[in-house]
Amino acid sequence: MLVKRRTREAATSGRLSQMAAGVAARPLDRRSFLRASGLAVGGLAAIGTIGAGLTRRVEAAGFIDMSQPIEVKTNICTHCSVGCTVKAEVQNGVWVGQEPAWHSPINRGTHCAKGASVRELVHGDRRIKYPMKKVGGQWQRITWEQAIDEIGAKMLDIRENSGADSVYLLGSAKFSNEGAYLFRKFAAFWGTNNVDHQARICHSTTVAGVANTWGYGAQTNSYNDIRNAKTVIFMGSNAAEAHPVSMQHILEGKETQNANVIVLDPRFTRTAAHATEYIRFRPGTDIPVVYGMLWHIFENGWEDREYIAQRVWGMDQVREVVKHYTPDVVEDISGVDGETLKRAAQQFAQERPSTFIWCMGGTQHTVGTANVRAYNILLLATGNVGHEGTGANIFRGHCNVQGATDFGLDVGNLPCYYGLGEGAWRHWSRVWDVPYDYFVDRFDAVPAKGGRDARTPEQNMGIPGITSTRWFDAVTIDADEVDQRDNIKAMVVFGHGGNTVPRMIDAQRGMNELDLLVVADPHPTTFAALHSRTDNTYLLPICTQFECSGSRTASNRSIQWGEKVVEPIFESDNDYAVIHALSQRLGFADEMFKNYEMVDGKFGMEPTPESILREINRGAWSVGYTGQSPERLKAHMRYQEHFDLVTLRAKPDAPEEVQGDYYGLPWPCWGTAELRHPGTHILYNTNLHPMEGGGAFRPRFGLERDGETLLAEGSWPVGSEIEDGYPQFTYGMLKELGWDTDLTPQELATIRRVAGGDEEAMDGVSWSLDLSGGIQRVALQHGCVPYGNGKARAVAWSLPDPIPVHREPIYTSRPDLVAQYPTNPDRRQQRMPNIGEVVQQDVVDRGVATEFPIILTSGRLVEYEGGGEETRSNPWLAELKQDMFVEINPADAAARGIVDGGWVWVTGAEGGSRARVKALVTERVNPGLAFMPFHFAGWFQGADQRGNYPEGTDPIVLGESVNVITTYGYDPVTGMHEGKVTLCQIAAA
Amino acid sequence: MARMKFLCDADRCIECQACVTACKNEHEVPWGINRRRVVTINDGLPGERSVSMACMHCDDAPCAAVCPVDCFYTTADAVVLHNKDTCIGCGYCSYACPFGAPQFPRTANFGTRGKMDKCTYCSGGPEADMSHAEYVKYGSNRLAEGKLPLCAEMCSTKSLLAGDGEIIAEIYRERVVTRGYGSGAWGWRTAYGETVTV
């Protein structure tokens, strides 16, 4: 089989022996090997054509000459969200060695396969080497000037004919915080809310679910803090593959605490192999499983009544709903028996502190937000949020997906969750020092169509954009169906794969129909190879975060500063410079960049990340991204060894600059940097003074509901001068308390300025709008949390399902359950129709489950990440997984005549989709379940697409994408796709 | 003198492959040569366990016993190394080795396989320490720099331990006491002392 794949010379061979053939034994360095083996023929040939001038070719030598000076640079791994520190040894501008970063409290020197191979990224043979465009179907090299000029001209053209909203700006969780913020600001200046990034497809439902429960959409505790837990539940998280370094803390915690580690997953994962208990359930039945546990908790009175009375609203209503989910009902839906769930429930409720960890197994569903809410309810019922060893430990995916989410690469938010309301726009206008009306002028007016009212530009500013899961529908759908001026005409994709969203056949159609496609990335990605476009397609080489400086936020909200290791290789350049160049061409750079320190970059002027962070510090009051000055973040990296492994707090003997701080100043880090707030290791922790990192649930849903207070009762953080619940702080509230006199004259003047000089309006200026930080400072001084002290919501009345209920997946293997547990009703959301209900009914009517009897789920492998182009281009990783595969149970395989390692066709339930992959026959999956990893691309329904990549940039390993097979289905709140449950059939090829 | 050893704590190994890519990274090991690999037993079944394997630097190394040209030698740190200039690529060592450590750049028979390559415990070969010649043939020499093998240093869960056998056995012993159980692995007592609970 593999021989057939040798259609081109470059990297088509998959067998180790073939790869090794022809290598001389003497020089075992990679370069000469690659040359000899033909592995990098494309890459090396391409290098030969590059002019000497601007391109610096980095020699990939790992030899360190000990007689020459070695510089050690500190950066952060660019893969998952754990935030492992990387120590780079640099000699003569070349990254020659990677050493363990012993002092990082997060990774203590360690890495996973990806982290231990990041040095390769800046030697990358297969990176995009220079700007390119497609002319008549052929890739051509162009200059940066030409690329920016042509892209800008086409964007302006589309703006003229179709409107600003017709350009979709897809950003990245691989941006630094400063890059993410700049990209969001770029969208605001361009005049669209069609700006999104990978959080949409990883944890958007988490952010929505968690923020709607207790205030903020983030991991409440930290990886390190799990060392304190006595019971750990993983549900839909395979940390051993997706977040390997986190397992260091979890396994050590398990050993020292003798902790229960319970893994609930449809698949016996590598994490499950290290659990004390593994519970298998049918994909898409998280809510019944969680309620199955809650049923036992309520039945036996194991809930934490005092905690609920003080800090939770609406639990009694949940109790009524849970009554329906008896052990028999739960076993019928999910396949898990009552005794098993009782055991898990008792451990979780009684062997505390307990923590609940979830990932995409929970979030990527049509019921993603509801799943998250169910997990939260379990945590609240057992009093497991807000102190050490507890919490919603949400492991985020990419290295800066938390930061990029915080900075509003999101269709419904300006930076820091201010929303899209007028108040939000006015706030950021003040921070950016640009008149509010400037932005109104930038937005489209939307005509009345499809029975919907027309919108003024000002109204359009407040309407969430199209989600990244639906962009291709917005290209191809009837214009009347898209709730904006016109369809999507252009995709500008910075650092985002094209194979991570379901329905790739439709995505391919969308790509083909675009007027303009721009891919700005270190690697070409699926966006450059999947389609049959001949023109108006551009590739811009962007460098990795190892080739520029900036901060990134790990999953636990710790912010770490990465310093540039080497100059951007080839003709690649950093995000800051490219966004600046585009803004210049589009005519708003002067306004957008006026607050920044501009320096000479590789090809032109660029802003310093420090000055961007300073602007963030001036505006990000709502989440407390204000105390993390560049100086403080850099000091934390410098003095890593002074932070405690478990508490993350700098010890008393630490240098003055970091003393008492939590590592990476995890947000919220209130007030200005001068206030020296230490950051918040554990959110909502009432056991600490707010100036020491304490907090409470955030009352952001009003003050009362159904005649009951939504403020905390009888619970307050240590040191609070208000010994009860209280709403968010405003200037007016300070006056009522008589604390306004604590404000300095300067702070008062700033508050007056925010109120537009209107004395009456001053009372309404809140802790999140006060640009002086005075209101926050005074509240903290009195032991109070600036955002208030409220109750968490067990009932989130603003969501489609205020109390989560089970809803069958659209492509369900149990059509008999659909009548009782139908998917959400059809609706319009984020400018698009969501017709899940119609599709589900059709699936039931057509008997799809009979024709496609195997449930298909998807997930990660440790060697690859995301769409996988970057990691599949790294030979040290690519060698470890050379084939795309499907995991299938021995019983299903035997019934189909499938042998382990043999080729199979996986056919999908929608659009005749199919994929040719290898079979991995294993009991890891139950009969009736199949699993495919989602990192592969470059083969499409049996066809090798290697020739579609520009020469020399094709990843070493290609394979079919699981998302060719995955199907329709979107969460009603965030538009998250259904990536974890669909149906398929498998046959030997 | 220290007796350098590897120990993989199978209760901790999650098959993340960091040891494998760390090795590739440190020595620029080419595609097809695997000085270290992770072996998983009972894959996908309850009882699944992984263990990271490389040259175990045996006391009485079978590779050395069978080598017709006597290219192996044991350093003062008890690391088993070999001389590629002497090696004739016969492959006898790969038959003798119980761990599959010896690697060959080609897969033909007898003299055409090329020079054998294997884990050096990050301590190079017979050439001058940290010289370019040594790097080209054997990779870097971390021991000479006072560092331990990178695979163990970078192990994500601190499962793979490297260092003086006495010290890593003590670390493992402490873990076993904390856990209250051992890995149950055969041979553990032989390697790490009768007092280790298995």
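Figure 1. Two residues are in contact if their C-beta atoms, placed from the backbone, lie within 7 Å. A note for reading all the views: this is a predicted model, in which local features need pLDDT of at least 70, side-chain atom pairs count only at pLDDT 80 or more, and totals for chains, interfaces and linings use all residues. Residues are numbered from 1 along each chain as its sequence is written, while chains are lettered from A and ligands numbered from 1 in the order in which they are written.

**Figure 2. The fold of chain A as a whole.** Here you can look for 36 helices and 34 strands; helices (H or I, at least four residues) and strands (E, at least two) are DSSP runs, numbered from the N terminus. The radius of gyration of chain A is 27 Å, close to the 30 Å that the globule rule gives for 989 residues, so chain A is as compact as a globular protein of that length. That radius is taken over C-alpha atoms, and the globule rule is 2.2 Å times the number of residues to the power 0.38. Along the principal axes, the C-alpha atoms of chain A fill a box of roughly 80 × 65 × 65 Å. Of the 989 residues in chain A, 64% are buried. A residue is buried if 20 or more other C-beta atoms lie within 10 Å of its own, exposed if 12 or fewer, and partly exposed in between, with C-beta atoms placed from the backbone. Among contacts in chain A between residues at least 6 apart in sequence, 72% join residues at least 24 apart.

**Figure 3. Helix α10 of chain A.** This helix covers residues 286-300 of chain A, 15 residues in total. From its first C-alpha to its last, α10(A) reaches 21 Å, close to the 21 Å expected at 1.5 Å a residue; the expected span is 1.5 Å times one less than the number of residues. In α10(A), 12 of the 15 residues are buried, among them Tyr291(A), Met293(A), Trp295(A) and His296(A). Gly301(A) follows α10(A), with a positive phi near 65°.

**Figure 4. Helix α24 of chain A.** Residues 575-586 form this helix of 12 residues, which reaches 16 Å from first C-alpha to last, close to the 16 Å expected. Nine of the 12 residues of α24(A) are buried, so this helix is largely enclosed by the rest of the structure. The buried residues include Asp575(A), Tyr576(A), His580(A) and Ser583(A). Just after α24(A) comes Gly587(A), with a positive phi of about 95°.

**Figure 5. A three-stranded open sheet in chain A.** The strand order is β32-β31-β33 (chain A), with mixed pairing; two strands pair if DSSP finds at least two bridges between them. At the edges lie β32 (943-944) and β33 (959-960) of chain A, each pairing on one side only. Strand β31 (residues 938-940) of chain A is joined to β32(A) by two bridges, and these strands run antiparallel. Look also for Phe940(A), which stands opposite Ala943(A) in β32(A).

**Figure 6. Thr850 of chain A.** Thr850(A) lies in helix α33 (residues 848-851) of chain A. Thr850(A) is exposed, with 9 other C-beta atoms within 10 Å. Leu861(A) is 11 residues from Thr850(A) in sequence and 30 Å away in space, C-alpha to C-alpha.

Figure 7. Chain B contains eight helices and six strands, in the pattern β-α-β-β-α-β-β-α-α-α-α-β-α-α along the sequence. The radius of gyration of chain B is 17 Å, close to the 16 Å from the globule rule for 198 residues, so chain B is as compact as a globular protein of that length. Its C-alpha trace spans about 50 × 35 × 30 Å along the principal axes, and 49% of the 198 residues in chain B are buried. Where the chains meet, the contact takes 43 residues from chain B and 51 residues from chain A. The elements giving two or more residues to the chain B side are α1 (18-27), α4 (132-138) and α7 (165-179) of chain B, and α1(B) provides the largest share, six residues.
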